[in-house]
Amino acid sequence: MGTITDPIADMLTRIRNANRAGHDHVMMPASKVKQEILRILKDEGFIADFKVTPVKGNQGSIRVNLRYGPRKDRVLMGIQRISKSGLRVYAKRGRIPRVQAGLGVAILTTSKGIMTDKQARAAGVGGEVICYAW
């Protein structure tokens, strides 16, 4: 397997594909940034849970349990990478985007850590827009 140039985009693609296919969970390599993004997705109700399995001498892996409605309908309708390695997208604190008229969430990395668009507005900080989820 080759090296992944954008591990965040890889994570979002794995979640998107597993979600569309109706899988219960999806596995991926672990990282601190991914854990923070997953924490937000869990807090916002887009995924059921995630569990990090450490591997000695390696980065370990994350198992993401996906969340569905009562009739196996998707809770997470879409997830999209915004800032890419070739094109970084930054938002000043007054220009933080709203996703799906406030129904979705933008995840940003700021000087105060990784947070949602609402948290960034409340904290009065801008930052790099990692992704949108709705």
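Lys-72 lies in the loop that links strand 3 to strand 4 (79-81), where strands (E, at least two residues) and helices (H or I, at least four residues) are DSSP runs numbered from the N terminus. The model is predicted: local features need pLDDT of at least 70 and side-chain atom pairs count only at pLDDT 80 or more, while totals for chains, interfaces and linings use all residues. Residues are numbered from 1 along each chain as its sequence is written, and side-chain values use heavy atoms, without hydrogens and water.

The phi angle of Lys-72 is near 60 degrees, which is a positive value in a residue other than glycine. Lys-72 is partly exposed, with a relative accessible area of 43%; buried means under 20%, exposed over 50%, and partly exposed in between (1.4 Å probe, protein chains only). Gln-100, in the loop between strand 5 (90-91) and strand 6 (105-110), also has a positive phi, near 50 degrees, and is not a glycine. Gln-100 is partly exposed, its relative accessible area being 45%.

Three strands make up an open sheet with antiparallel pairing, in the order 1-3-2. At its edges are strand 1 (25-29) and strand 2 (47-53), each of which pairs on one side only. From one strand to the next, the twist averages 20 degrees.

Six bridges connect strand 2 with strand 3 (residues 61-66) in the antiparallel sense; two strands pair if DSSP finds at least two bridges between them. Ile-62 in strand 3 has Val-52 opposite.

Helix 2 (residues 32-43) lies across strand 1, strand 2 and strand 3, and its angle to strand 2 is about 155 degrees. Axes are fitted to C-alpha atoms, for helices over the stretch in contact, with angles from 0 to 180 degrees between N-to-C directions.

## Strand 6 and its partners

Strand 6 is mostly covered, since five of its six residues are buried. On the one hand, strand 6 is joined to strand 8 (residues 127-133) by six bridges, and the two run antiparallel. Within this pairing, Leu-108 has Val-129 of strand 8 as its bridge partner. On the other hand, strand 6 pairs with strand 7 (residues 113-116) over four bridges, again in the antiparallel sense. Strand 6 and strand 7 form a hairpin, with two residues between them.

Thr-110 belongs to strand 6, and its bridge partner in strand 7 is Gly-113. Thr-110 is buried, with a relative accessible area of 10%. Leaving aside residues up to four places away in sequence, Thr-110 touches Met-115, Val-125, Gly-126 and Gly-127, contact meaning heavy atoms within 4.5 Å. Ala-120 stands 10 residues from Thr-110 along the chain, and their C-alpha atoms are separated by 7.8 Å.

A cavity is a set of points on a 1 Å grid where a 1.4 Å probe fits but cannot get out, and lining residues have an atom within 4 Å of a point. The space in the largest cavity is about 40 Å³, a volume being the space filled by probe spheres set on the points.

The lining of the largest cavity consists of Arg-16, Asn-19, Arg-20, Arg-74, Leu-76, Met-77, Gly-78 and Ile-79. Helix 1 supplies the largest share of this lining, three residues.

Conventions:
1 Å grid on protein atoms, 1.4 Å probe; cavity = no way out; pocket = protein on both sides within 12 Å on 5 of 7 lines; lining within 4 Å.
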